[in-house]
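Please look over the sequence and the model before reading on. The text below is meant to be read with both in view.

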Amino acid sequence: MRKKTRLIHGGADIDKNVGAMSPPIYQASTFKQNGVGNFTYEYARTGNPTRDAVETLIADLEKGKRGFAFASGMAAIAAVMDLFQAGDHILLTDDVYGGTFRYMTKILNRRNIDVDFVDSSDLDKVREGIREETKAIFIETPTNPLLKITDIKELANIAKEKNVLLIADNTFNTPYWQNPIDLGANIVVHSATKYLGGHSDLVAGLVVVDDEKLGEEIHFIQNASGGVLAPNDSWLLVRGIRTLGIRMEEIESNTQKIVEYLVDHPKVGKVYYPGLPEHPNRDIHAKQSGGFGGMVSFTVESEEKALDVLNKVRYFSLAESLGAVESLISLPAKMTHASIPRERRLELGIEDGLIRISVGLEDVEDLIEDLDQALQ
Ligand SMILES: *Cc1c(COP(=O)(O)O)cnc(C)c1O
């Protein structure tokens, strides 16, 4: 089965009772048992057929053994972190999503789980960061907002050698372009709120694991702590995923045109996009992923200029989040990364005049004209 076909025919078979082409929404909390202990479904926190539909679909798309759906990306990440215990150490990519940074530094520390952040695009730094107690490496590739790239396969080899789990947040590139499990990762997490849902109408998270034992553990945690995705939202997520292929293809083509425009613009400084020939790890990304994605960051001379651009755009909506049909624009230093002290931000390369865009599905000519009038 090829990629677009898998988005539509992957996962569970269509409804066996009446042949509905869309999975039925089982808006039920409990299920009648045929006899004590004789049932298919028992209680909807433990399992619900509509949630099952999205869970089997994502397991299929990420080439894993089992999938799990949660009420948000953060709930999915938190459930994965429940695999670890006091004394364990986790190593993370240094510019991980802000919410992940907050969870790791403000919640995990309460349980005496230690974390460190390294530039995971530099594998020597990762090697240096691994300790006796290290149980997992958690990466994002590409990262946000600087689109840094980590070599998943090489890192998976290091993880195997050191006997630690490799966890990849695949939100930015999506299973349509990149499958970390195929490259040796053990666990994939998603904020399905972004490209997978794709329409700015849903908050959801997903976990996929590469083996049955991890699957049993995550299911135990999911059922025990209960942050599950509701039946309605599970249905909406399946609906969003069906069109992921055509959305990602169109976003790819729009993004490449916008990047070409930005690179040539006299008022634009640096452009961050993994598809640019001057991106230091372009080849690594091209080897492990089928597309460069719809996220681009670029700098203008100052924060004032950036604020001016944000004020003037008409089709790019000023909003957090990404990966939707509509194009979005944001100022990381004042929005997603505001909680990071300015000095640390500058160290990471997040300048005051750094603008991040998430390219959507509008006509690309309109998007370029919009940026053009805003940059004037
Ligand atoms: C948004 C996001 C998350 C968190 O997901 P929510 O659905 O907002 O809880 C995690 N990782 C990345 C890369 C994200 O962009």
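The model shown here is predicted. The protein contains 14 helices and 12 strands. Its radius of gyration is 21 Å, close to the 21 Å that the globule rule gives for 376 residues, so the protein is as compact as a globular protein of that length. Along the principal axes, the C-alpha atoms fill a box of roughly 75 × 50 × 35 Å. Of the 376 residues, 54% count as buried. Taking contacts between residues at least 6 apart in sequence, 72% join residues at least 24 apart.

The accessible surface comes to about 16600 Å², and carbon and sulfur atoms account for 49% of this area. As for charge, there are 41 positive and 56 negative side chains, and the centres of these two sets lie 3 Å apart.

The chain is divided into domain 1, residues 3-242, and domain 2, residues 245-375. Taken over C-alpha atoms, the centres of domain 1 and domain 2 are separated by 26 Å. Across the boundary, 32 residues of domain 1 are in contact with 39 residues of domain 2.

Leu322 is a residue to look at next. Leu322 sits in the loop between strand 10 (317-318) and strand 11 (328-330). Its relative accessible area is 5%, and because buried means under 20%, Leu322 counts as buried. Leaving aside residues up to four places away in sequence, Leu322 touches Phe172, Lys194, Tyr195, Met295, Leu328, Arg356 and Ser358. Tyr195 is 127 residues from Leu322 along the chain, yet their C-alpha atoms are separated by 7.3 Å.

The backbone has some points to note as well. Most residues other than glycine have a negative phi, and most peptide bonds are trans. Where does the loop between strand 4 (134-140) and helix 6 (152-162) come in? Pro142 has its place in that loop, and the peptide bond from Thr141 to Pro142 is cis, with omega near -5°. Pro145 is found in the loop between strand 4 and helix 6 too, and the peptide bond from Asn144 to Pro145 is cis, with omega near 5°.

Positive phi values occur at Lys63, near 60°, and at Thr174, near 65°. Lys63 belongs to the loop between helix 2 (49-61) and strand 1 (66-70), and is partly exposed, with a relative accessible area of 36%. Thr174 is found in helix 7, residues 174-177, and is buried, with a relative accessible area of 0%.

Note on methods
Residues numbered from 1 in each chain as written. Predicted model: local features only at pLDDT ≥ 70, side-chain atom pairs only at ≥ 80, totals over all residues. Heavy atoms only, no water. Helix = DSSP H or I, 4+ residues; strand = E, 2+ residues; numbered from the N terminus. Rg over C-alpha atoms; globule rule 2.2 N^0.38 Å. Buried < 20%, exposed > 50% of the residue type's maximum accessible area, 1.4 Å probe, protein only. Contact = heavy atoms within 4.5 Å. Areas by Shrake-Rupley, 256 points an atom, 1.4 Å probe, with all protein chains shown as cover. Lys, Arg positive; Asp, Glu negative; His and termini not counted. Charge placed at Lys NZ, Arg CZ, Asp CG, Glu CD. Domains from an automatic or database assignment.
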